[in-house]
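I opened a notebook page for this protein and wrote down what I looked up, one topic at a time.

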Amino acid sequence: MKNTPTELRVDFVKGAVAHRLRFGGGRGQDLPKAMGLRAGKTPTIIDATAGLGRDAFLLASLGAQVTLIERSEKMHALLAQGMERAAQEDGPLREIIDRMTLLKGDAKDLLPTLTAEAILIDPMHPPRKNSALVKLELRQVREIVGDDEDAADLVRLALGLARNRVVLKWPAKADPMVGIRPCTHQICGKSTRYDVFMTGLGSP
């Protein structure tokens, strides 16, 4: 029987994040494509719902300047600790962390004070009917941050602020989020899809 972690920990140095950094496939992955990273183009990005920070770390590893926003005091503290540990490493890890800026607060309050070409929103996803399918780590995150019932409000706000695009990370088979306009296009993976909303507020 496997031991399960009792405390949630943000770790950018080893484990799943390190493996994704080494073998993830670079800018060809779904998330970088959705965010607009391509040859000769590296947008400035806000991750409005930072969570465990893994998506922001991936984007920063590909050269993007990423601002992370987290409103949960506990999750913000875990992120700060994880980033501090990674910054103490030599070489590429420290360079990646240097491209990440962590802010504490509600994204709905902070977004109007910031500028970015692309905004990523990854709210807590609708609970699955079979809770056994949900990883312990994700259940722990939900216990900390709650259900993000104001996610649609955040998306609508972001659509009026992002210069180029807003990207909603959502379960692949889930219905579109209620209360927001149809997306411009989608990038779909096996379990996750990215609903991309082009804003037309700045250069493509």
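**Entry 1: R165.** Leaving aside its neighbours within four places in sequence, which residues is R165 in contact with? I took contact to mean heavy atoms within 4.5 Å. I found K33, A34, M35, G36, R38, E117, A118, I119, V196, F197, M198 and T199.

Before going on I noted that this is a predicted model, where local features need pLDDT of at least 70, side-chain atom pairs count only at pLDDT 80 or more, and totals for chains, interfaces and linings use all residues. Residues are numbered from 1 along each chain as its sequence is written, and side-chain values use heavy atoms, with hydrogens and water left out.

I placed R165 in strand β5, which covers residues 165-171. Helices (H or I, at least four residues) and strands (E, at least two) are DSSP runs, numbered from the N terminus. R165 is buried, yet I found no salt bridge for it. Buried means under 20% relative accessible area, exposed over 50%, and partly exposed in between (1.4 Å probe, protein chains only). A salt bridge is a side-chain nitrogen of Lys or Arg within 4 Å of a carboxyl oxygen of Asp or Glu. The nearest side chain of opposite charge to R165 is E117, 8.6 Å away. For charge, Lys and Arg count as positive and Asp and Glu as negative; His and the chain ends are not counted.

I did find a polar contact between the side chains of R165 and N164, at 2.9 Å. The term covers a pair of N or O atoms within 3.5 Å; within protein, one must be able to donate a hydrogen and the other to accept it, and residues adjacent in sequence count only if both atoms are side-chain atoms.

**Entry 2: the whole protein.** I counted eight helices and seven strands. Of the 204 residues, 46% count as buried. Among contacts between residues at least 6 apart in sequence, 68% join residues at least 24 apart.

**Entry 3: nonpolar cores.** Which residues have the most contacts inside the largest nonpolar core? They are F12, M35, L59 and M100, in a core of 37 residues. Such a core is a set of buried Ala, Val, Leu, Ile, Met, Phe, Trp, Tyr and Cys residues joined through side-chain atoms within 4.5 Å. Several elements each supply at least two residues of this core, including α2 (30-35), α3 (54-61), β2 (66-70) and α4 (73-87). The most comes from α4, with six residues. Apart from this core lies another, of 22 residues, among them I69, I119, I180 and F197. My general note: in soluble globular proteins, nonpolar side chains tend to be buried together.

**Entry 4: helix α3.** How many of the eight residues of α3 are buried? Seven are, so I wrote the helix down as mostly covered. The buried ones are D55, A56, F57, L58, L59, A60 and S61. Just after α3, G63 takes a positive phi of about 105°.

S61 is in this helix, and its side chain reaches the backbone oxygen of L58 at 2.5 Å. Beyond four places in sequence, S61 is in contact with L21, I96 and R99. I also checked S61 against E95, 34 residues along the chain, and their C-alpha atoms are separated by 8.3 Å.

**Entry 5: salt bridges.** I counted nine salt bridges. K169 and D55 form one of them, at 2.8 Å from N to O. This pair links distant parts of the chain, with K169 in strand β5 and D55 in helix α3, 114 residues apart. K169 and D55 are both buried.

K169 also meets D122 in a salt bridge, at 3.9 Å from N to O. D122 lies in the loop between β4 and α7 and K169 in strand β5, so the pair ties together parts that are 47 residues apart in sequence. D122 is partly exposed, at 21% relative accessible area, whereas K169 is buried at 14%.

D150 forms a salt bridge with K108, the closest N and O atoms being 2.4 Å apart. D150 is in the loop between α7 (136-145) and α8 (151-159) and K108 in helix α6 (107-110), so parts 42 residues apart in sequence are tied together. K108 is partly exposed, at 26% relative accessibility. What else is linked with D150 and K108 in a network of salt bridges? R71 and D106 are.
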